[in-house]
Each structure stands twice: as C-alpha cells, then as structure tokens.
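I opened the notebook to look up side-chain contacts.

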Amino acid sequence: MTTNTSTNSTHVTAPRLDFGTSAPKAFRALVAFDAAAREGVDPALVELIQIRSSHLNHCAYCLHMHTNDARRAGESEDRLHMVAVWREARHFFTEREQAALALTDAVTLIADAGVPDDVYARAAAQFDERELAQVLALICTINTWNRVALSTGKVAGTDER
C-alpha cells in the first residue's frame, strides 16, 4: 500500500482479504441486515441513501455499484449527478427524499455533530416510525458496506455481488 501524503489519501496496490470468504457468518449477517433494512422502502430512496453515504465515505466501489443500480431502476442522470450537492439542488428531490438525505448526512458523519434534533425531527415528520427505523437501518448498512469495501480494497467497476 502506498500513501499519498499531499492529499492524505491511501491507494491500495495489493490484494486484500475477501471479507465474504474470510468472515462468512459476519458477511451473511450483513447481507441479511441489508435485505431486512430494504423491506418496504421505495427502491429509488434506497439507492439515493446508498449513493449519498458512499459519496461522504469516499467509497468509489459502492458509489459505482449503486449509481448503476439506480440507473437500471430508472433513476435520471440529472438526479444522480445532484445527489452529491443535494442541498444546493433541492428542487431535484422531494421533501421526503431531502429528509432522508439530511439524515444520511448526519448519521454517516455522526462523529462531527451527532444527529441534530432538527434533522431527526424533519425525518420523523416525513416517515412513520417503522419507515424511519428502516431508513436508519439502511443508513447503517451502507455505512458498514462502505467500510468493508474501503478496508478490503474493493476496486470501483468490479461489482462482485
């Protein structure tokens, strides 16, 4: 592995472990958690959450995978391009999507400021308790997938599902 000190970014240059093979029970549990989190949630919203978290975590592997999934599900290129700057392009997203994106930002970056009461209240106003719990579970699963992909050196464009 080499480190570029000028940008403080790390580039993987050697293969790393295959998480699914090396920790099969943990991998299967994460797959099951992910599947459970998606239940009853609009597939377009699932992808927006996954794309936004992957942007924030700088996970190119997951970002590539989920933008492709969103395209296959009919998501527009305009909206895909605007996810990274959703606050400046709110008119591309519904109030419900904006609330989910704000919650995704807060939970993904939880170490910065926690989950502010206003962000939580905005999401709670858009989703019933079950839906809100599902959205939180989705945010947790994509953050975990991002960390697994980044830690194990997954390469964007090599969707290994």
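**Ground rules**

I worked from a predicted model, where local features need pLDDT of at least 70, side-chain atom pairs count only at pLDDT 80 or more, and totals for chains, interfaces and linings use all residues. I numbered residues from 1 along each chain as its sequence is written, and I took side-chain values from heavy atoms, with hydrogens and water left out.

**Entry: aromatic rings**

I looked up ring pairs and found two. Rings of Phe, Tyr and Trp (its six-membered ring) pair if their centres lie within 6.5 Å; planes under 30 degrees apart are stacked, over 60 edge-to-face, and the rest tilted.

I took Phe-19 and Phe-27 to begin with. Their ring centres are 6.4 Å apart and their planes stand at 70 degrees, so I logged the pair as edge-to-face. I then checked Phe-27 against Trp-145. Here the centres are 5.7 Å apart and the planes are at 75 degrees, so this pair is edge-to-face too. Phe-27 belongs to helix 2 (residues 24–38) and Trp-145 to helix 9 (residues 129–151), so the pair ties together parts 118 residues apart in sequence. I take helices as DSSP runs (H or I, at least four residues), numbered from the N terminus.

Ring pairs link Phe-19, Phe-27 and Trp-145 into a cluster.

Phe-19 is partly exposed at 24%. Phe-27 is partly exposed at 30%. Trp-145 is buried at 17%.

**Entry: a charge over a ring**

I found the charged end of Lys-154 over the ring of Tyr-61, 5.9 Å from the ring centre. The test I used: NZ of Lys or CZ of Arg within 6 Å of the ring centre and within 35 degrees of the ring normal.

**Entry: salt bridges**

I logged nine salt bridges in the structure. Each has a side-chain nitrogen of Lys or Arg within 4 Å of a carboxyl oxygen of Asp or Glu. I wrote up some of them.

Arg-52 bridges to Asp-105 at 2.6 Å, N to O. This pair links distant parts of the chain: Arg-52 is in helix 3 (residues 43–56) and Asp-105 in helix 6 (residues 95–108), 53 residues apart. Arg-52 is buried at 10% relative accessibility. Asp-105 is buried at 7%.

Asp-105 also bridges to Arg-87, with the closest N and O atoms 3.2 Å apart. Arg-87 lies in the loop between helix 5 (77–82) and helix 6, 18 residues from Asp-105. Arg-87 is partly exposed at 38%. I noted Arg-52, Arg-87 and Asp-105 as a network of salt bridges.

What separates Arg-72 and Asp-69 in helix 4? They are three residues apart in helix 4 (residues 60–72), which means about one helical turn. Arg-72 is exposed at 60%, whereas Asp-69 is buried at 14%.

How values were computed: Buried < 20%, exposed > 50% of the residue type's maximum accessible area, 1.4 Å probe, protein only. Helix = DSSP H or I, 4+ residues; strand = E, 2+ residues; numbered from the N terminus.
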